[in-house]
Amino acid sequence: MKILRDATAEASTLAVSRNDMTDMTDESVCFLGLRFDTGSIEEAACNILTETHGHFRYIVTPNVHLMVRLLEDPGTMRPLYERAWRVFCDSRVLSRLARVSGIGLLPVITGSDLTADLMTRAAKRGLTIAVIGPTEAACARLQEKYPGLSVVFNTPKMGFIRSEFEIQKCVDFVLKAQAPLVFLALGSPQQEILAGRVADHPQARGIGLCVGASIDFLTGAQSRAPVWVQELGLEWSYRLLSDPQRFARRYLIESPKIFYFVWLEWKKDMPSLSARLGLSLRALRIGHWWIAAVAAVAGRDIPGRAKGAETDLAPAGSAKQSKLP
């Protein structure tokens with residue numbers, strides 16, 4: 001997948017990337033080769049709001065589907081996630097897989113919950129927020145729900161990520177807005193690509209959040225699963241049932257590949273994992289065989305997508321699918 005870049009920004013990219021990589025929380029863990037930040041959603045929100053005056057940095061909240069995409073296409077996705085200022089686990093399924101691996105990824109901080117919390121806090125402070133992706137009508141509903149906010153928005157054209165001109169328009173919008181919080185509701189990976197491009201610019205300020213469909217949930221454009229369904233780790237099934245045509249491939253074919261990648265990780269460290277979990281090697285091998293069978297059923301066109309990853313090029317909430325160049 002080709003990522004459009006501004007040649008004039010190349011010189012600053014390495015320096016920014018190094019600064020972002022060294023600015024980690026004291027409480028972070030590594031799972032499937034990616035660093036995750038831990039802590040409560042309250043701590044995360046407070047930390048974000050105290051850091052909005054510096055150079056632009058961005059936050060990602062990977063779920064199972066995004067982790068599969070990252071592991072399949074590391075050349076494209078991993079640099080974008082490694083540059084992120086904060087990485088929060090968005091998935092209870094992912095958190096439980098980490099726990100079985102002896103890694104603590106709790107509490108889960110979903111992009112939707114973090115967005116709602118920050119909107120409430122920003123409204124109380126009368127802050128200006130910048131939103132990229134949703135329509136004018138959606139932003140008007142957001143303004144109605146949080147009357148203390150001042151909302152500025154930009155709705156890029158469908159497939160904007162293929163056009164250097166359109167990308168630059170989004171970057172210029174962020175520079176002009178100078179908002180402390182920038183919500184990128186564009187779907188993955190275009191929201192992460194754009195966040196990286198904004199971070200390349202030396203005059204960009206604020207904190208960017210790659211939030212996918214989070215604003216759709218807040219405005220009622222999409223309905224979120226009941227809390228008890230979320231706590232069971234079954235929010236994916238609620239979304240699947242709500243729009244099977246759109247989500248069937250994501251949740252029934254692509255996302256189950258996570259078990260294969262976890263199996264590969266376990267296979268590297270079987271003796272020490274067995275000791276940590278108090279399991280016999282035989283029991284662990286049986287678990288490995290089961291995971292391998294699940295991966296086989298899901299389809300093993302892994303570890304890479306040689307021809308590029310399928311993605312939704314529309315703003316979050318659209319069902320239109322396409323492919324990035």
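Visitor: Is Asp117 buried or exposed?

Guide: A residue counts as buried under 20% relative accessible area, as exposed over 50%, and as partly exposed in between, with a 1.4 Å probe and protein chains only as cover. Asp117 has a relative accessible area of 19%, and is therefore buried. Please keep in mind that this is a predicted model, in which local features need pLDDT of at least 70 and side-chain atom pairs count only at pLDDT 80 or more, while totals for chains, interfaces and linings use all residues. Residues are numbered from 1 along each chain as its sequence is written, and side-chain values use heavy atoms, with hydrogens and water left out.

Visitor: Which side chain does Asp117 meet in a salt bridge?

Guide: Side chains of opposite charge can pair when their charged atoms come close. The rule used here asks for a side-chain nitrogen of Lys or Arg within 4 Å of a carboxyl oxygen of Asp or Glu. The partner of Asp117 is Arg121, with 2.4 Å from N to O. Both residues lie in helix α6, four residues apart, which is about one turn of the helix; helices (H or I, at least four residues) and strands (E, at least two) are DSSP runs, numbered from the N terminus. Arg121 has 24% relative accessibility, so it counts as partly exposed.

Visitor: How many salt bridges does this rule give?

Guide: The count comes to 11 salt bridges. One of them joins Arg83 to Asp200, whose closest N and O atoms are 3.0 Å apart. Because Arg83 lies in the loop between α4 (74-82) and β4 (86-87), whereas Asp200 belongs to helix α9 (residues 190-200), this pair ties together parts that are 117 residues apart in sequence. Arg83 and Asp200 are both buried.

Visitor: What are the accessibilities of the partners when Glu166 and Lys157 meet in a salt bridge?

Guide: This pair spans 3.8 Å from N to O. Glu166 is buried, with a relative accessible area of 10%, whereas Lys157 is exposed at 56%. Salt bridges can also share partners, and in this way Asp113, Arg224 and Glu235 are joined into one network.

Visitor: Let us turn to rings. How many aromatic pairs does a search of the whole structure find?

Guide: Rings of Phe, Tyr and Trp (its six-membered ring) pair if their centres lie within 6.5 Å, and planes under 30 degrees apart count as stacked, over 60 as edge-to-face and the rest as tilted. The search finds four such pairs. In one of these, the rings of Trp236 and Tyr251 have centres 6.2 Å apart and planes at 50°, so the pair is tilted. Trp236 counts as partly exposed at 34% relative accessibility, while Tyr251 counts as buried at 13%. In another pair, Tyr260 and Phe261 have ring centres 5.9 Å apart and planes at 70°, so they are edge-to-face. Tyr260 is buried at 8%, and Phe261 is buried at 7%.

Visitor: Which residues do ring pairs link into a cluster?

Guide: The cluster consists of Trp236, Phe247 and Tyr251. A charge is said to sit over a ring if NZ of Lys or CZ of Arg is within 6 Å of the ring centre and within 35 degrees of the ring normal. The charged end of Arg250 sits in this way over the ring of Tyr251, 5.9 Å from its centre.

Visitor: What is the phi of Leu32?

Guide: Phi of Leu32 is near 55°, a positive value in a residue other than glycine. Leu32 lies in the loop between β1 (28-31) and β2 (34-37), and at 5% relative accessibility it counts as buried. Gln178 has a positive phi as well, near 50°, and lies in the loop between α8 (164-177) and β7, but it counts as partly exposed, at 40% relative accessibility.
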